[in-house]
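Dear colleague,

I am passing on the structure below, together with notes on what was found in it. Please read the notes with the model open beside them.

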Amino acid sequence: MTKGKLFVISGPSGAGKGTICREILDEEKNLRLSVSMTTRSPRQGEENAVHYHFVSREGFEALIAEDGFMEYANVYGNFYGTPKKQVVDWMEQGINVILEIDVQGALQIKKNYPEGVFIFILPPSIEELKNRIMGRGSETEETMARRLGAALQEISCIDQYDYRVINEDLRAAIDRVRAIIKAEQCKINGEEVDRIIHRYKEDL
């Protein structure tokens, strides 16, 4: 069985990475989304194991001690992380996995899983990113400045990624990400070479 691939998708808040991931997951059969774990309380409308795995701080720290995370971080007093077991199990079953995470988490994963495929979603411009965030109607001038500053900092790490997709037209961006996933599934890796040659020799 061919091992599943790990696709790590990042981008600034407002770039549209969440929408792109949801659309691709709806259309692709052999693809799963890893659900992150957090110690923060659920917000209104959030469901456990759907939006996040909500756990106590003690539970999260116990999993850290067991080396149970692919990556984790403390963000404003709350822990967030990607549990390792489910991702590894899926990949061993030949299932491809998407991680939709921030740049900090993606760079942690790249150190331990360099064979992962890293995709960065870009807005067409900072001005458009600002318009999208403002459209949510929840930002003050101060929080907007902070978000745009964070976006520029994240974009500066784009050279650590394998692919970049500019989300100017949503449908086109979805198609590009899907094309990357399909192309990566056709790549030849060292584990497959002997198996492929052996299979064809048997047909002689």
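The side chains of Glu142 and Arg146 form a salt bridge, with N and O 4.0 Å apart, where a salt bridge is defined as a side-chain nitrogen of Lys or Arg within 4 Å of a carboxyl oxygen of Asp or Glu. The two residues lie 4 residues apart, about one turn, in helix 6 (residues 141-155); helices here are DSSP runs of H or I with at least four residues, strands are runs of E with at least two, and both are numbered from the N terminus. Glu142 is exposed at 58% relative accessibility, whereas Arg146, at 47%, is partly exposed; buried stands for under 20% relative accessible area, exposed for over 50% and partly exposed for what lies in between, with a 1.4 Å probe and protein chains only.

Before going further, please note that this is a predicted model, in which local features need pLDDT of at least 70 and side-chain atom pairs count only at pLDDT 80 or more, while totals for chains, interfaces and linings use all residues. Residues are numbered from 1 along each chain as its sequence is written, and side-chain values use heavy atoms, with hydrogens and water left out.

By the salt-bridge rule the count comes to 15. One of them joins Lys85 to Asp89 at 2.6 Å, N to O, and these residues are separated by about one helical turn because they are 4 residues apart in helix 3 (residues 84-92). Lys85 counts as exposed, at 61% relative accessibility, while Asp89 is partly exposed, with 28%. Another salt bridge pairs Asp175 with Arg171, whose closest N and O atoms are 3.6 Å apart, and both residues belong to helix 7 (residues 170-185), again 4 residues apart and about one turn of the helix. Both are partly exposed, Asp175 with a relative accessible area of 36% and Arg171 at 38%. Through shared partners, salt bridges join Glu27, Glu28, Arg171, Asp175, Arg178 and Lys182 into one network.

Leaving aside residues up to four places away in sequence, Met70 touches Leu6, Thr82, Pro83, Lys84, Val87, Leu99, Ile109, Asn112 and Tyr113, contact being heavy atoms within 4.5 Å.

Strand 1 is largely enclosed by the rest of the structure, because 5 of its 5 residues are buried. Leu6, Val8 and Ser10 are buried on one side of the strand, and Phe7 and Ile9 are buried on the other. Strand 1 runs parallel to strand 7, with 4 bridges between them, and Leu6 stands opposite Val97 there. Strand 1 is also joined to strand 8 by 4 bridges, again in parallel, with Phe118 as the bridge partner of Val8; strands are taken to pair if DSSP finds at least two bridges between them.

Elsewhere, 4 strands form an open sheet of mixed pairing in the order 4-3-6-5. Its edge strands, each pairing on one side only, are strand 4 (53-54) and strand 5 (69-75). Strand 5 runs antiparallel to strand 6 (residues 78-83), to which 6 bridges join it, and Glu71 has Thr82 of strand 6 as its bridge partner.

Finally, the aromatic rings: the structure holds 9 aromatic pairs, counted where the ring centres of Phe, Tyr and Trp (its six-membered ring) lie within 6.5 Å, with planes under 30 degrees apart called stacked, over 60 edge-to-face and the rest tilted. Phe60 and Phe69 form a stacked pair, 4.3 Å centre to centre with 20 degrees between the planes, and both residues are buried. Ring pairs link Phe60, Phe69, Tyr72 and Phe79 into a cluster.

With best regards
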